[in-house]
Amino acid sequence: MKRMSMLLLFVACGLCAFGALAREETFFTVTSEPFGKTPQGEDVEQYILTNHKGMTVKIMTYGATVTSIQVPDKKGESADVTLGFDSLAKYAEPHPYFGVTVGRYANRIANGKFSLNARTYRLAVNNGPNHLHGGLKGFDKVVWKAEPQHFQHNVGVKFTYFSRDGEEGYPGNMTVSVAYILSEDNELTIDYAATTDKATPVNLTHHTYFNLAGAASGKTILDHQLRMPAATRYLPVDKGLIPTGELKDVAGTPMDFRSRFKIGERIGSVEGGYDHYYVLNRKKPGLMLAADLYEPESGRGLLLYTTEPGLQFYTGNFLDGVVGRDGATYQKNAGLCLEPTHYPDSPNKPEFPNTILQPGQIYIQKSMFKFYVKK
Ligand code: GLA
């Protein structure tokens with residue numbers, strides 16, 4: 001009799017443990033909800049990814065835009081660490097590219113033109129004398145198709161878009177995809193792919209403005225600490241923020257983040273604030289650590305890994321009091337961007353790494369934002 005009761009007890013414990021494990025595995029969810037209509041009447045959906053470590057990511061089909069990232073602080077309290085809006089209507093108006101997927105070409109192309117195969121292409125001049133972030137209706141302002149993705153240890157959603165030959169002045173019919181995948185370790189991986197039927201520049205990036213103290217905290221990012229251990233050089237720029245072509249060592253300058261610095265410590269000696277492209281000292285291709293951002297009061301941290309040659313570090317210098325989610329007002333330096341990407345203006349600078357995609361080639365980029373807490 002005693003042996004039977006021991007066996008039953010053992011089986012019962014086993015079932016409880018399995019149940020707990022199974023429940024933990026099932027904590028991953030990907031759901032969707034309507035998120036309004038564009039001014040042109042196109043339906044927009046928002047996808048919600050959750051894991052069992054307290055992280056929630058929301059992404060909408062308009063611009064394949066991240067509209068929210070909730071992560072816990074050192075006390076386990078979650079907050080949204082991204083600048084954004086409550087409604088599609090605000091995203092459909094001109095805004096500082098909150099959370100968007102940028103393309104065909106992220107950052108600037110000088111004078112809105114480039115030459116390719118003995119032909120000059122003219123693009124929208126939408127930022128002073130230059131072309132910025134894919135033009136007047138870049139990838140951030142179109143509706144992407146979406147399909148949820150379920151894997152054993154993560155969930156995601158894959159967005160695809162077909163960019164016609166001549167769209168925003170770029171050559172070639174381009175099929176482009178961007179997949180957001182949330183892991184059980186609070187990693188948000190972004191996988192890009194693109195193909196074209198005619199040679200074209202392509203350079204995609206992600207443009208979330210982070211504030212690890214919480215977007216509604218009312219704090220700036222000037223007390224955040226940043227370390228970019230491999231960012232040994234940066235691109236000096238002209239008044240229009242076009243790189244001069246020089247690759248300058250960071251050593252001995254306020255641009256040096258190879259060791260950890262508070263962002264506000266030296267920003268006063270950087271004209272206009274940080275808005276510069278950093279070149280990573282790469283030893284080999286593949287994912288490498290590009291940035292380590294930490295906010296000491298909340299204990300929230302963010303590691304950025306990327307396959308790209310570098311990243312744009314931008315401290316929200318142009319934010320001017322735009323009203324965001326929950327009525328928060330985003331003043332200058334309310335958020336910062338870490339944009340893994342190719343060099344700005346590469347189509348006009350043959351000495352920069354190539355960004356021309358040829359028919360038959362596949363453009364790929366992988367970047368991963370890994371959130372952590374440190375007491
Ligand atoms: C990038 C640029 C900045 C600014 C933002 C969008 O980060 O480097 O100069 O244009 O996009 O506002």
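Let me start with strand 4 (residues 65-72) and strand 5, which pair in the antiparallel sense over three bridges. Strands here are DSSP runs of E, at least two residues, numbered from the N terminus, and two strands pair if DSSP finds at least two bridges between them. P72 has S78 in strand 5 as its bridge partner.

This is a predicted model, where local features need pLDDT of at least 70, side-chain atom pairs count only at pLDDT 80 or more, and totals for chains, interfaces and linings use all residues. Residues are numbered from 1 along each chain as its sequence is written, and side-chain values use heavy atoms, with hydrogens and water left out.

Another open sheet of five strands, with antiparallel pairing, has the order 19-18-21-24-27. Strand 19 (248-249) and strand 27 (337-341) are at the edges with a single partner strand each, so one side of each has no neighbour in the sheet. Inside the order, five bridges join strand 21 (residues 275-280) to strand 24 (residues 310-314). D275 is opposite Y314.

Now the cores. A nonpolar core is a set of buried (under 20% relative accessible area, 1.4 Å probe, protein chains only) Ala, Val, Leu, Ile, Met, Phe, Trp, Tyr and Cys residues joined through side-chain atoms within 4.5 Å. The largest has 61 residues, and I69, Y278, F313 and F371 touch the most other members. Strand 13 (residues 174-183) gives the most to this core, five residues. Apart from it lies another core of 18 residues, including Y62 and L88.

Technical notes:
Buried means under 20% relative accessible area, exposed over 50%, partly exposed in between (1.4 Å probe, protein chains only). Helices (H or I, at least four residues) and strands (E, at least two) are DSSP runs, numbered from the N terminus.
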